[in-house]
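Please look over the sequence and the structure shown here before reading on. The report that follows takes up a few of its parts in turn.

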Amino acid sequence: MICFADYHTHTRYSHGKGSVRDNVRAAAGRGLEAVAISDHGPNHLFGFGIKNLAVLSRIRAELAAACAEFPQVKGLVSIEANIISTAGDLDLPPEKAHLVDMVQAGIHASVRLASAGDFSRMYGWHYLGKLWEPWSRKARIYNTDAVVNAVYKNRIHVLTHPGHRFNIDTRAVARACRDRGTAMEINCSHDHTTVEYLHIAAAEGVRFVIGSDAHTPERVGDFAKGIMLARAAGLGPEQIINARAL
Ligand SMILES: [Zn+2]
Ligand SMILES: [Zn+2]
């Protein structure tokens with residue numbers, strides 16, 4: 001099994017180390033057919049996100065120039081939007097979705113959430129849950145609500161690193177993703193993904209995507225961990241949107 005596209009790469013527009021061109025050049029070097037620039041959404045605090053949504057137009061222009069230089073690579077403008085409420089709102093509102101070719105979304109820490117209520121539901125219970133198990137169950141319910149509602153409320157192509165840091169009900173999320181044609185990511189940069197998670201999600205008929213989550217150009221197209229996990233779970237390339245049989 002090989003992966004022919006890396007849809008999850010960061011640049012200096014969020015907290016990556018390379019430029020848009022660096023990531024395209026790295027993708028060309030790795031023989032990829034496509035690469036997406038998916039910097040963090042604007043509600044990410046402390047400089048972790050893009051400054052504002054206007055940055056997406058700059059990324060589009062730089063991507064077009066880079067792909068003219070490396071025409072073997074198709075460039076996609078994407079975003080790793082933040083889920084900012086338990087009602088499922090993103091920091092890329094639906095009326096701005098046309099600014100990207102592909103919407104990806106996930107739950108992250110250090111994000112300006114939609115309201116104080118969302119802050120207590122999504123962060124309050126999450127951090128309290130580290131202290132006492134019943135609170136962590138409550139956090140899981142809110143996190144699952146946020147993700148499932150986001151999947152139904154928005155057109156999300158990829159749900160990034162489901163279950164990373166923020167506990168979710170994998171089965172409920174997988175059902176929503178299957179219904180909406182949203183791929184669940186097998187992330188190659190974090191360690192939370194288990195074979196059990198993949199089995200539970202796959203049983204619901206969802207499709208996956210393997211993403212490097214590269215924050216440096218050197219890691220663009222580094223799918224080793226994801227491919228190893230997919231193999232261990234017995235997934236075939238037909239279940240992974242950016243993979244094909246060798
Ligand atoms: Zn992320
Ligand atoms: Zn990321």
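## Terms and basis

Two residues are said here to be in contact when they have heavy atoms within 4.5 Å of each other. This is a predicted model, in which local features need pLDDT of at least 70 and side-chain atom pairs count only at pLDDT 80 or more, while totals for chains, interfaces and linings use all residues. Residues are numbered from 1 along each chain as its sequence is written, chains are lettered from A and ligands numbered from 1 in the order in which they are written, and side-chain values use heavy atoms, with hydrogens and water left out.

## Thr144 in helix α4

Thr144 has its place in helix α4, residues 133–153, where helices are DSSP runs of H or I with at least four residues, strands are runs of E with at least two, and both are numbered from the N terminus. With a relative accessible area of 10%, Thr144 is buried, a word that stands for under 20% relative accessible area, as against over 50% for exposed and in between for partly exposed (1.4 Å probe, protein chains only). Once its neighbours within four places in sequence are left aside, Thr144 is in contact with Ile168, Asp169, Ala172 and Val173.

## Helix α2 and the cores

In helix α2, the residues Val55, Leu56, Ile59, Leu63, Ala66 and Cys67 are buried. Seen down the axis of α2, these buried residues fall within an arc of 100° (taken from the directions from the helix axis to the C-beta atoms), so they line one face of the helix. They pack against α1 (20–29), β3 (34–40) and β4 (74–82).

A nonpolar core is a set of buried Ala, Val, Leu, Ile, Met, Phe, Trp, Tyr and Cys residues joined through side-chain atoms within 4.5 Å. The largest such core has 70 residues, and Leu56 and Ile83 are among those with the most contacts inside it; its largest share, six residues, comes from α2. A second, separate core of 10 residues includes Ala34 and Val209.

## The zinc ion (ligand 2)

The protein donors of the zinc ion (ligand 2) are His8 (NE2), His10 (NE2), Glu80 (OE) and Asp213 (OD), at 2.1 to 2.2 Å from it, donors being N, O and S atoms within 2.8 Å of the metal (3.2 Å for Na, K and Ca), and water is not among the atoms, so sites may look incomplete. Glu80 bridges this ion and the zinc ion (ligand 1), and the two ions lie 3.5 Å apart. His8 is buried at 1% relative accessibility, and His10 is buried at 0%.
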